[in-house]
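Here's a quick tour for anyone opening this one up for the first time. Keep the viewer handy and follow along.

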Amino acid sequence: LSFAGEHYFANGTTALAVALRVRAGQGGRIAIPAAVCPNVPAAVLASGNDFVLVDIDGASGGMSPTALVACIGRQGVAGVIAVHAYGNPCDVPGLAAVCRDADLPLIEDCAQAEGAECGGRPVGSFGDVAVFSYGAGKILDLGGGGMTCTADAALAGRIAAAAADLPETPDESAADDLAAIYKFLYNRFFPGRLVDYGDWLRTALFRLGPAMLGRLGGAGPDAVREARATLPRRVARRRAKAARYREALAGQSYLAVPLAVEGAVPWRFNVRLEAGLRDRVLKRMLADGRKVSSWYPSLDYFLGASDADELPQARADSLTLLNLWLDDDTGEAEIAETCAEVLRLVAEEAA
Ligand SMILES: Cc1ncc(COP(=O)(O)O)c(C=O)c1O
């Protein structure tokens, strides 16, 4: 994958905020998927825009083009962020067609999906600007760093100018604080009670998003370029780990709709459990220190940013999704153990 212009930033949040500011301007509403990492709305707010939530499709976990059309019909939208969630390519050809028809900027967020392909074409090559992250737990984990790519030379020039205006070094604790806040909330309250913490999250997004913005200096850009050369190996490793999960959990009815799409680079291995059962299994696994999570609950639970009736898939996934981890430090033995534990707990809790 090669682009006319690549620019490096302190993190993916900065890359996303800069892409928005340069391509979509300020003071508008940006459509984002409802079930998404909170760094995405944080970046929207830091860019000087507000966000509006759009439902996801059940196959990829990414924004639904049909829901986007409905959202555009309801209210003015100044731009769209297509997120490739969990390593799955979203229906970005469909979203790009909607954006073309409506003459809207399309930013492609590949933070969780570097190396994935959609119809044989790399993610990041469909939007006006693509955004990548090299933060903790990402496909290429460098502990930090972000990048924008665009094939548009004029846009690349404006991104370079915007980058020069950023602080040399961001407040590193801002990124850590935001992640700590939402992970705490997700792991502790699950969706139903998150509404009580909406003000806390909104304040955190407003304050911490802007504090995260910064350039990537020193050896950072070289480290990113070096890491990208190892991408095929990393992708193969993640796919092999996902295959272990799939084999160990084969034949289970709750795997009927795994979020695993052709061309994906698995970032998490997702399964769906019945509402209620998911919470009981998750709680016990978290108490045991297992690498599982329930991301991403629909942001409207916290923020009331949209009518929940318009977000049926994001709402349903909030209650049923269980993410099994397959990061670099998750070994095959650990995967086998996690699967055995899922099977045991489901049998016990469902009884
Ligand atoms: C989908 C998505 N977009 C953007 C980001 C922001 O990346 P970073 O953590 O490098 O700021 C993340 C991760 O946090 C993410 O998961």
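Start with Asn88, whose side chain reaches the backbone oxygen of Ser60 at 3.3 Å. Asn88 sits in the loop between β4 (79-83) and α4 (92-102), and at 2% relative accessibility it counts as buried. Bear in mind that this is a predicted model. The rest of the briefing goes topic by topic.

**Loops around α4**

- Tyr86 is in the loop between β4 and α4, and that loop is also where Asn88 is found.
- With a relative accessible area of 4%, Tyr86 falls under the 20% cut-off, so it counts as buried.
- Tyr86 has a positive phi of about 60°, although it isn't a glycine.
- Asp103 also has a positive phi, about 55° here, and is not a glycine either.
- You'll find Asp103 in the loop between α4 and β5 (106-109).
- Is Asp103 buried or exposed? It's exposed, because its relative accessible area is 69% and the cut-off is over 50%.

**A cis peptide bond**

- Most residues other than glycine have a negative phi, and most peptide bonds are trans.
- Going from Trp295 to Tyr296, the peptide bond is cis, with omega near -5°.
- Tyr296 belongs to the loop between β11 (292-293) and α11 (300-303).

**Helix α5**

- The buried residues of α5 are Leu155, Ala156, Ile159 and Ala163.
- What do the buried residues of α5 pack against? Their partners are β1 (5-9), α1 (12-24), β8 (129-133) and β9 (146-150).
- On the face turned away from that buried side, α5 carries the exposed residues Ala153 and Ala154.
- Asp152 caps the N-terminal end of α5, with a side-chain oxygen 2.9 Å from the backbone nitrogen of Ala154.

**The largest pocket**

- The largest pocket holds about 910 Å³ of space.
- Of the 42 residues lining the largest pocket, the closest to its centre are Asn11, Gly135, Ala136, Lys138 and Ala175.
- Which elements each supply at least two residues of the lining? Those are α1, α2 (39-46), β8 and α6 (172-193).
- The largest share of that lining comes from α6, with six residues.

- Ser47 is in the loop between α2 and β3 (50-54).
- Its relative accessible area is 0%, so Ser47 is buried.
- Leaving out residues up to four places away in sequence, Ser47 touches Ala17, Leu20, Arg21, Gly25 and Gln26.

- Gly198 lies in helix α7 (residues 198-212).
- Gly198 is buried, with a relative accessible area of 5%.
- Although Gly198 and Tyr301 are 103 residues apart in sequence, they are 7.5 Å apart in space, C-alpha to C-alpha.
- Gly198 touches Phe302 and Leu303, again not counting residues up to four places away in sequence.

Technical notes
Residues numbered from 1 in each chain as written. Predicted model: local features only at pLDDT ≥ 70, side-chain atom pairs only at ≥ 80, totals over all residues. Heavy atoms only, no water. Buried < 20%, exposed > 50% of the residue type's maximum accessible area, 1.4 Å probe, protein only. Helix = DSSP H or I, 4+ residues; strand = E, 2+ residues; numbered from the N terminus. Contact = heavy atoms within 4.5 Å. Polar contact = N/O pair within 3.5 Å; in protein donor to acceptor, adjacent residues only side chain to side chain. 1 Å grid on protein atoms, 1.4 Å probe; cavity = no way out; pocket = protein on both sides within 12 Å on 5 of 7 lines; lining within 4 Å. Points joined across faces, edges and corners; volume = space filled by probe spheres on them.
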